[in-house]
Amino acid sequence: MNRTTLSLIAAATALAAVTGFAALSSPDPAATDGTAGAAAHLPVERTSLLCPSPSSSDLAETTYTSFTPVTKGTGNGGGAELRAAHRPQSGTDGRQDGEQTDQTDEAGQADQGGEDAGSEKPVLEPGEPGKPVAGDTTGGEAPALVGTADGRFAPGWTVQQTTEVTAGTGRGLQGVTCTAPDTEFWFPGASTEAGRTDYVHLTNPDDSAAVVDIELHGEDGALKTVVGEGITVQPHSTEPVLLSTLTEEKQADVTVHVTVRSGRVGAAVQALDDKLGGDWLAASADPAGSLVLPGIPKDATAVRLVVFAPGDTDADLKVRLASPSGPITPAGHETLHVKGGMTAAVDLGDVTRGEAGSLVLTPTDGSVPVVAAVRVLRGEGDAQESAFIPAARPVGTRATSAGNTAEGTTLAVTAPEGTARIKVTASAGTEGGTAASQTYTIKSGTTQHIDIPVPDGLKGTYALTVEPRSDTPVYASRTLAATEDDVPAFTVQPLPDDRGTVAVPEAEQDLSVLQR
């Protein structure tokens, strides 16, 4: 079995970003043709990514794909590295006071003897900008990964983790885009009911320990938890926490709130179902009065919307489906009332009815911040599989998706606020091919499945970038699908801004304050 052996880049950052870290330098005069004074954004110089431990199943096969899009103004230096996170010592769970629980037992991480996989062959070596690189592992002991990139490798660096589990709890495709560390996460759509095995994976990229609190909120408010506070995640290590060990209450729809008292972590929820497969639940966009959940598969047989309203104020929301022809109101589900501090859920059935669709939530009156996600089912009877789509941030300047296949990849884009133009670029493949680009128009209030410009002579998997060519916000997601033993396996990842650039003061101003 392969494990990552690469070491972290140890460097101080000039500009700290909430979602990771980024450093700035003056732009390359050759790359900007001497127009530095007009620059509003500069490429980041450093970034970090965290990939959770993919699976405890011996039947799991995981593929990692790394890609950095080419970004102007980055110069010629830099590199990218991934390394395995440490595993906790046997019998420990990161509690500050030494209290022991079984919260990590089934995830297969807590009893690995404090092993650091840093001395074995890496899963993959990140490639040159513009060139995707893939690697894989087999079995249930693949570690969480901690990655850093600098120089021209940093802007937009994206790593996709896709796991195929052929049988058992959570069988199907489980996909997640490795994320930057942060200090707060919301996960509506988790569960503690029988038949579900949900973990929140916490990974610490830094040299000092992080202290994390986990709160659970159900249909009647906060759930009573016994060990959710003060979880210590050791430096360069990972902690998978089984949600059912945090509370005795069994609820179908739970919102997980992760806050970091000190340090920062990456967080993702792995939601595994005994009968309906499983997938990763990525964090929702930050609480907001209006939210977009992009790219519900057109052949979805069941869609369940889960919404949580932080604070004490109730939220009343309009529910709309952005279809290929325009906004549609789901029959019988025109609005949704969410009580403050509580999780609300509604079954929307086969709301897309064979067409592309995205859910758009807006306030009926006064705006109250909420978070949201949907669980989507495909298939019928015993041949069903589930995936999750959280509320997404806009594409922003550019979004990047790695690990796409010639068949089985769907790119969905929606423009709920007005007509928008986008440029889509498909990279060369991991084993060959020529990049291709095309520009598209997304009509106001619609969702479109994009006819992806697949690279000529494609071999292997490829990366996609989506770049808005107008000021209208757009939202996007990528679906990977494959059929295994008549089960329509799939996974969906939203495509937010890839953090390739950061806004800076005008160049005429003194940027030395950002260089310290």
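Helices (H or I, at least four residues) and strands (E, at least two) are DSSP runs, numbered from the N terminus. This is a predicted model, in which local features need pLDDT of at least 70 and side-chain atom pairs count only at pLDDT 80 or more, while totals for chains, interfaces and linings use all residues. Residues are numbered from 1 along each chain as its sequence is written, and side-chain values use heavy atoms, with hydrogens and water left out.

**Salt bridges**

- The structure holds nine salt bridges, each being a side-chain nitrogen of Lys or Arg within 4 Å of a carboxyl oxygen of Asp or Glu.
- One of them joins E128 to R152, whose closest N and O atoms are 2.5 Å apart; E128 sits in the loop between β6 (78–84) and β7 (133–138), and R152, 24 residues away, in the loop between β8 (145–151) and β9 (158–165).
- R304 and D347 also meet through their side chains, at 2.9 Å from N to O, and because R304 belongs to strand β21 (residues 302–308) and D347 to strand β25 (residues 343–349), the pair ties together parts that are 43 residues apart in sequence.
- Through shared partners, salt bridges join D253, R304 and D347 into one network.

**Exposure**

- Buried means under 20% relative accessible area, exposed over 50%, and partly exposed in between (1.4 Å probe, protein chains only).
- E128 is partly exposed at 41%, as is R152 at 22%, whereas D273 is buried at 10%.
- E248, in the loop between β16 (237–242) and β17 (254–262), counts as exposed because its relative accessibility is 77%.
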